[in-house]
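Please look at the two chains side by side before reading on. My notes are below, in numbered points.

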Amino acid sequence: MKAGGDQALEQTAHFLGQRFPSAEFRYYVGSVGANMRHATPEDADRVARECDAVVGTTGD
Amino acid sequence: MVEFEKRGIPTVSWVASGFTHDALRSAQNFGVPSLAVAGVPLPFTNQMPNDIKEMVDASMDQVIRGLTEPPETMLMPGEGFTTVSDPVLAFEGSDLLEAMEVMNRRFLEWKWSDGFPLVPPTPERVERMLRGISRAPQDVIATLEPGFGLATVEKLAVNAVMAGCRPEHLPVLVTAVQCISEPKIYLRNKAMSTGPHAPLILVNGPIAKQLGINSGVCALGPGSISYANTVIGRALRLVMMNVGFTYPGVSDMDTIGSPIKYSLCVAENEEESPWDPYHVERGFHPDQSTVTVHFVYGTCELHDFQSREAEDLVHGFSSAACNLGQVPTGHWLLGRRADPRYGVDEKEEHFMIVCPEHARVFQRQGWDKTRIKEEMFKRARMSFRDLMIAREPKSFLLAHPELQWLWDSPDTLLPVVESADCYSIAVVGAAAGRGAFFWGAGGPITKEVER
């Protein structure tokens with residue numbers, strides 16, 4: 001993750017939570033890589049199992 | 001995000017306005033024809049928390065729309081650069097020189113040029129170029145990311161002609177393309193970055209002399225003596241652009257760029273090296289000809305006219321590795337560059353060009369390359385506090401939960417790279433004590449040249 005991306009996602013969740021109070025939010029970070037964390041196929045499968053929608057950012 | 005879309009999960013990507021085209025192009029290349037994007041005016045990087053909050057709040061309607069409606073944002077095929085289906089193009093002028101100028105102007109408009117004049121790749125010239133290798137024109141050498149272009153021998157020959165190569169240069173170019181397509185190189189990462197990743201080509205073995213690839217005076221510089229170096233390096237960049245679709249401003253989002261991205265090719269000065277050549281160190285026979293490609297970020301000089309002691313020389317060299325403005329400095333604290341598709345990862349390795357004068361100083365005192373690397377590793381150290389100045393603490397936590405104690409001991413000195421083998425050494429240059437240090441992006445790949 002690049003700097004600032006995590007703050008953008010936290011604000012996104014905050015905003016959506018106000019608009020859709022019953023929504024649940026989970027944060028994921030890819031399990032490989034360095035500052036650029038990448039989702040493995042297993043990571044993607046897990047997210048697809050656990051979520052109905054995804055909002056993401058690399059930071060730029 | 002593409003992988004989630006492929007699994008049927010709707011997504012929205014936060015994208016800075018300057019990167020929208022790149023995001024859409026990437027999605028299309030990676031198998032999703034359209035992508036829901038929430039645009040913000042600037043990247044989140046380097047922004048104050050309140051500014052991030054304001055940018056996000058101002059664009060939340062795009063997030064909601066993206067999650068509830070089919071994405072509208074879509075690129076037309078070829079948008080951002082031009083592709084043609086005609087196998088042969090014709091350009092006219094009052095004479096051949098003017099026709100060549102017309103071709104060059106058109107190729108500039110289509111984004112096919114590196115900015116310098118291109119040699120027209122006429123069918124005759126391409127045919128002549130193809131005689132430089134025993135492979136069939138339609139043989140596929142690689143699939144090049146990010147655009148997944150098929151790198152046939154013929155396409156490589158076309159770009160070699162445009163770069164000014166001679167037929168005998170083609171096998172080196174083909175091998176360099178094989179190198180950059182290896183999964184371990186993770187070309188997508190280097191071709192599409194905001195960083196100035198440049199493929200440094202090192203040629204070893206008999207072919208270097210046969211082709212006149214300069215290994216001596218001004219080997220990495222301009223001039224007639226570096227003609228082969230210049231055109232081979234240039235051809236690889238053109239291939240990355242015209243076959244891999246690494247077009248600047250389209251998929252190559254390099255913030256500033258670097259002159260080393262135009263061309264970066266050199267041979268090792270094996271005759272003046274007191275050590276085994278680079279390729280022999282990597283398991284090849286001295287009589288084998290090889291090409292090594294190592295993506296690098298930039299370079300600085302290793303200047304020292306004074307030192308006669310190996311200890312002093314290496315002490316100065318080690319300061320080059322301690323540059324906080326370079327990505328690989330302490331990068332290991334965040335983990336390794338990795339491509340999840342192939343399950344490969346790589347250390348950040350540096351490439352050191354040691355001049356013959358300095359090599360002899362080391363050799364006089366019995367230092368081989370292994371000793372130099374070990375001494376570099378031992379001496380190139382910085383405090384945890386400094387190494388983390390430009391690093392993401394969350395990435396450090398994910399990569400090294402066992403090292404979190406360092407936050408309580410921030411003056412602890414740490415090596416700037418992961419291990420001693422993160423330093424590669426080749427002898428290049430002429431007389432006088434000046435070498436070069438290249439900050440590496442990942443590690444090198446070496447392959448034997450096929451003719």
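1. **Basis.** This is a predicted model, in which local features need pLDDT of at least 70, side-chain atom pairs count only at pLDDT 80 or more, and totals for chains, interfaces and linings use all residues. Residues are numbered from 1 along each chain as its sequence is written, while chains are lettered from A and ligands numbered from 1 in the order in which they are written.

2. **Chain A.** Chain A has 2 helices and 3 strands. Helices (H or I, at least four residues) and strands (E, at least two) are DSSP runs, numbered from the N terminus. Along the sequence the pattern is α-β-β-α-β. Taken along the principal axes, the C-alpha atoms of chain A fill a box of roughly 35 × 25 × 10 Å.

3. **The contact between chains.** Chain A gives 32 residues and chain B gives 39 residues. Two residues are in contact if their C-beta atoms, placed from the backbone, lie within 7 Å. On chain A, H1 (5–19), S1 (32–33), S2 (37–38), H2 (41–50) and S3 (54–57) each supply at least two residues of the side that touches chain B. H1(A) gives the largest share of that side, 7 residues. By class, the side of chain A that touches chain B has 16 nonpolar, 12 polar and 4 charged residues. Ala, Val, Leu, Ile, Met, Phe, Trp, Tyr, Cys and Pro count as nonpolar, Asp, Glu, Lys and Arg as charged, and the others, Gly among them, as polar.

4. S3(A) and S1(B), residues 11–16, run parallel and are joined by 4 bridges. Strands pair if DSSP finds at least two bridges between them. Val55(A) has Val12(B) of S1(B) as its bridge partner.

5. **Onward into chain B.** S1(B) also pairs with S2(B), residues 37–40, in the parallel sense over 4 bridges. Here Ser13(B) is bridged to Val37(B) of S2(B).

6. **Helix packing in chain B.** How do H7(B) and H11(B) cross? The axes of H7(B), residues 153–163, and H11(B), residues 227–242, come within 8 Å and cross at roughly 130 degrees. Axes are lines fitted to C-alpha atoms, for helices over the stretch in contact, and angles run from 0 to 180 degrees between N-to-C directions. H7(B) is therefore oblique to H11(B) (under 35 degrees is roughly parallel, over 145 roughly antiparallel, 65 to 115 roughly perpendicular, the rest oblique). Among the contact residues are Leu156(B) and Ala160(B) of H7(B), and Val231(B) and Leu238(B) of H11(B). By class, this contact has 8 nonpolar, 2 polar and 1 charged residues.
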